[in-house]
Amino acid sequence: EDVNLRVISEYQKLFPDIPIGYSGHETGIAISVAAVALGAKVLERHITLDKTWKGSDHSASLEPGELAELVRSVRLVERALGSPTKQLLPCEMACNEKVCPAGLYSVLLPCVEKG
């Protein structure tokens, strides 16, 4: 609740030519993944080999397996974000033909290219 990820979009408006990043000091990877979903282009996280080691950063750092999961999750989110242009995808064709009568598609979404 103290992270305030919505500031990412504000920074993007203020600095449109600069990639906005996120420096995470929370436990786990969910917040960092959310930062990417909201537009962060750079992530900074601490890594450790053992969270029980002494020092202020180890408990919130990522162990190697968590770092690997963070990378996998970020790459998945990046693919899922897709394109700002909506097009009817080949995987949507069969469903579209069942539920969308001829011509209705172009009325509902006139800017979408039909297959």
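Me: How is the lining of the largest pocket made up by class, in nonpolar, polar and charged residues?
Reply: By class, the lining has 9 nonpolar residues, 1 polar residue and 5 charged ones (nonpolar are Ala, Val, Leu, Ile, Met, Phe, Trp, Tyr, Cys and Pro; charged are Asp, Glu, Lys and Arg; the others, Gly among them, are polar). Please keep in mind that this is a predicted model, in which local features need pLDDT of at least 70 and side-chain atom pairs count only at pLDDT 80 or more, while totals for chains, interfaces and linings use all residues. Residues are numbered from 1 along each chain as its sequence is written, and side-chain values use heavy atoms, with hydrogens and water left out.

Me: What volume does the largest pocket have, and which residues lie nearest its centre?
Reply: Rolling a probe the size of a water molecule over the atoms shows where empty space is left. Here the largest pocket has a volume of about 280 Å³, and among its 15 lining residues Val 36, Leu 43, Val 74, Arg 75 and Glu 78 lie nearest the centre. (A pocket is an open set of points on a 1 Å grid over the protein atoms alone, where a 1.4 Å probe fits, with protein on both sides within 12 Å along at least five of seven lines; lining residues have an atom within 4 Å of a point. The volume is the space filled by probe spheres set on the points, which are joined across faces, edges and corners.)

Me: Which elements give two or more residues to that lining?
Reply: They are β2 (42-44) and α3 (64-81), and α3 gives the most, with 7 residues (helices are DSSP runs of H or I with at least four residues, strands runs of E with at least two, numbered from the N terminus).

Me: Which residues of helix α2 are buried?
Reply: An α-helix has 3.6 residues a turn, so residues three or four places apart point the same way. In α2 (residues 30-37), Ser 32, Val 33, Ala 35 and Val 36 are buried (under 20% relative accessible area with a 1.4 Å probe, protein chains only; exposed is over 50%, partly exposed in between). These four lie on the same side of α2 because they cover an arc of only 155 degrees around the axis, judged from the directions from the helix axis to the C-beta atoms. The buried residues of α2 pack against α1 (7-14), β1 (21-23), β2 and α3.

Me: Where does Ala 37 have its place, and how accessible is Ala 37?
Reply: Ala 37 belongs to helix α2 and counts as partly exposed, because its relative accessibility is 38%. Apart from neighbours within four places in sequence, Ala 37 is in contact with Val 77 and Leu 81 (heavy atoms within 4.5 Å).
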